[in-house]
Amino acid sequence: MTLGPSLRKLFLTVHIATSVSWLGAVATFLVLAVAGLLGQVDARIRAAYLAMEVMTWWTIVPLSAASLFSGVFQSLGTPWGLLRHYWVLIKLLLTVFASLLLLLHTRPIGLVARAAQDSAVSLDLYRQPRMQLVVDAAAALLLLVVTTVLSVYKPRGLTSYGRRKQQAAASL
Amino acid sequence: MVEQPASKPSSDVGEPTTPRWVKLFGLVTLLALLVFALVHLAGGGFHHFGGAEPAPGTPAPAHQGPHR
């Protein structure tokens, strides 16, 4: 399946927009997670965790899904393929891993946000998940930077599947 | 971000082995995953976020005042 130039550009535009937005959203999430952990003003700390929950469900999760699916469609619709080049394959694995990690961590985000809603509940009791949110957001940000670098530099290297495909195409 | 293969390297054909950058990347990724898993386990495990909640029988958090 090879997409026409117009459709290919459309998918590429969607993929770039969603991927870069996802990176930006995770960076913002990290800032809020750090502000929530190190902040001194109770109301600001609680507001940070409430904002993080909204961001997760209404920005980060949809963007991660859009980035993943638009990337898969984009690669399948071009001669790059999904499994032929190491950089595409690695980027796919990293994106899937980041998406799964994100879904796994919607629970602690919800937990801390619920606690933040109730001003009678001390957030000191949630020190561990709050710390974990910082670590995980930093890891996710690093991962998304790596996928961006791979996309821009496109380092050489065919997978064994890619080599077989290329040899088959050459022998035709 | 997959683009049109206009910039596709032509010398891929003559490389029958796994590129060095892939091996290095794999090694770094394994180490990073190991560190990540250790950080999580040290913090109480992947499933343990609920562990930060007050255990049953502990004083109700409502009595702790307007702390963080």
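Biologist: Does Lys154(A) count as buried or exposed, and what is its relative accessibility?

Modeller: In this predicted model, local features need pLDDT of at least 70, side-chain atom pairs count only at pLDDT 80 or more, and totals for chains, interfaces and linings use all residues. Residues are numbered from 1 along each chain as its sequence is written, chains are lettered from A and ligands numbered from 1 in the order in which they are written, and side-chain values use heavy atoms, without hydrogens and water. Buried means under 20% relative accessible area, exposed over 50%, and partly exposed in between, with a 1.4 Å probe and protein chains only. Lys154(A), at 9% relative accessibility, therefore counts as buried.

Biologist: At what angle do helix α1 and helix α2 of chain A pack?

Modeller: Two packed helices are described by the angle between their axes and the distance between the axes. Axes are lines fitted to C-alpha atoms, for helices over the stretch in contact, and angles run from 0 to 180 degrees between N-to-C directions. Here α1 (residues 5–38) and α2 (residues 42–76) of chain A pack at about 155°, with axes 8 Å apart. That makes α1(A) roughly antiparallel to α2(A) (angles over 145 degrees count as such).

Biologist: How many aromatic pairs are found over all chains?

Modeller: Rings of Phe, Tyr and Trp (its six-membered ring) pair if their centres lie within 6.5 Å, and planes over 60 degrees apart count as edge-to-face. The whole structure has three such pairs. In one of them, the rings of Trp80(A) and Trp87(A) have centres 5.3 Å apart and planes at 80°, so the pair is edge-to-face.

Terms used
Helix = DSSP H or I, 4+ residues; strand = E, 2+ residues; numbered from the N terminus. Parallel < 35°, antiparallel > 145°, perpendicular 65-115°, else oblique. Phe/Tyr/Trp six-rings, centres within 6.5 Å; stacked < 30°, edge-to-face > 60°.
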